Amino acid sequence: MSKGTFLLVIVVAFSFIFFTISCKKSVKILPILGERDTKNIVIDGKSKIDTIYHTIPNFTFIDQNADTVTNQAYKDKKIYVADFFFTSCPTICPKMKTQMSRLYRHFVDNELVAFLSHTIDPRHDTVPVLKEFAKNLGVSGNQWRFVTGEKEKIYEVALKGYMATAKEDSTADGGFIHSGAFILVDKNQRVRGIYDGTISEEVDELMEDIDLLLLEKK
Amino acid sequence: MRGISLLFVSIIIFSACQSAQEIKKMQYFVEGLELYKTHCANCHQLDGAGLAGLYPPISKEYMSNNKLKVICLIRNGGNDTLIINNKSYNQAMPANLNLEPIELAEITTYIYNKWGDETVITEIDEVKNALEKCKQ
């Protein structure tokens with residue numbers, strides 16, 4: 001082996017190692033979900049096309065402590081995970097609440113992460129019922145809020161905002177059908193991930209994605 | 001010689017009986033585990049620990065004092081507040097009206113052998129008997 005080939009082998013080997021390491025370090029970027037629109041904006045006298053991303057529409061709900069919750073609680077301040085459930089749900093909610101509890105305990109006291117569970121049965125799930133439910137789950141404070149409100153508004157924000165299904169159906173167990181989705185929302189109120197909240201592995205992935213999202217610049 | 005072979009034969013029959021009973025118990029236990037995963041574990045969790053103050057653990061103490069009620073609860077659900085290990089739970093338990101006595105017997109065998117203090121099968125007749133009593 002000549003000196004030249006030896007050097008070449010060394011260079012190839014090092015670049016291979018370098019690329020493997022740098023590839024591993026490349027950070028996964030979470031997608032921005034939902035429909036997009038464009039608009040023309042003018043910057044420094046030049047016309048440009050800007051992308052308008054899907055965001056969570058305005059909402060006003062009441063939480064377990066009887067406090068009002070709007071987008072302003074989260075916008076520019078926190079990322080949050082949303083879901084839809086009802087306290088007397090016999091089917092998938094217990095699984096969802098088991099998983100959400102796991103997330104909550106993992107991120108408890110992290111001021112940049114919040115949880116927002118919407119009841120889809122506001123007739124039964126009044127503020128005192130939600131308060132009792134939160135207490136029994138071992139939740140205090142307002143990092144994890146359980147909200148109620150006008151039924152139509154809740155169903156609408158589920159569908160139009162979080163792209164989740166929630167509606168009444170007398171043929172379903174418990175009287176409602178809803179998806180078991182956990183929806184990850186960033187500080188700009190954009191949906192960055194949808195996970196099956198009944199599957200432990202998917203919630204593990206969500207946990208990692210929350211960490212990623214926390215590192216993201218605004 | 002005849003005496004010895006008779007003894008030998010009875011030992012074989014006896015041990016075969018034993019193992020048939022053992023096999024049945026294993027079947028009940030395994031079937032019970034699958035049914036538990038489907039119908040119970042969502043709330044009571046795979047390890048039987050329950051979920052915080054919402055869903056109670058599968059408690060040995062409660063089970064040994066309330067077997068009839070446990071069987072009825074699994075099938076018919078309940079709205080009563082239960083005191084389990086000195087804690088009260090008031091979340092309603094949903095009914096499982098589709099469960100047949102054999103399935104209830106398997107679930108009961110599973111939970112009583114796994115977390116209770118029983119080492120025997122809950123027989124189908126015991127389940128039927130319990131269901132009759134909780135109707136009254």
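**A tour of pockets and salt bridges**

Begin with the largest pocket, which has a volume of about 970 Å³. A pocket here is an open set of points on a 1 Å grid over the protein atoms alone, where a 1.4 Å probe fits, with protein on both sides within 12 Å along at least five of seven lines, and its lining residues have an atom within 4 Å of a point; the volume is the space filled by probe spheres set on the points. This is a predicted model, in which local features need pLDDT of at least 70 and side-chain atom pairs count only at pLDDT 80 or more, while totals for chains, interfaces and linings use all residues. Residues are numbered from 1 along each chain as its sequence is written, chains are lettered from A in the order in which they are written, and side-chain values use heavy atoms, with hydrogens and water left out.

Select His44(B), Leu73(B), Met93(B), Pro94(B) and Asn96(B), which are the closest to the centre of the largest pocket among its 46 lining residues. Next colour α4(B), residues 67-76, which gives the most to this lining, with six residues; helices are DSSP runs of H or I with at least four residues, numbered from the N terminus.

Now move to the second largest pocket, where about 220 Å³ of space lies. Its lining draws on both chains, including Lys95(A), Thr98(A) and Gln99(A) as well as Lys37(B), Ala41(B) and Asn42(B). The largest share comes from α2(A), with three residues.

Which residue of chain B pairs with Lys67(B) in a salt bridge? Select Glu126(B), whose side chain meets that of Lys67(B) at 3.2 Å, N to O; a salt bridge is a side-chain nitrogen of Lys or Arg within 4 Å of a carboxyl oxygen of Asp or Glu. This pair links distant parts of the chain, with Lys67(B) in helix α4 and Glu126(B) in helix α6, 59 residues apart. Lys67(B) is buried, at a relative accessible area of 14%, whereas Glu126(B) is partly exposed, at 33% (buried means under 20%, exposed over 50%, and partly exposed in between, with a 1.4 Å probe and protein chains only).

Stay in helix α6 of chain B and select Glu132(B) and Lys135(B), which are three residues apart and therefore separated by about one helical turn. The closest N and O atoms of their salt bridge are 3.3 Å apart.

Finish in chain A, where salt bridges that share partners join Asp186(A), Arg190(A), Arg192(A) and Glu216(A) into one network.

Conventions:
Helix = DSSP H or I, 4+ residues; strand = E, 2+ residues; numbered from the N terminus.
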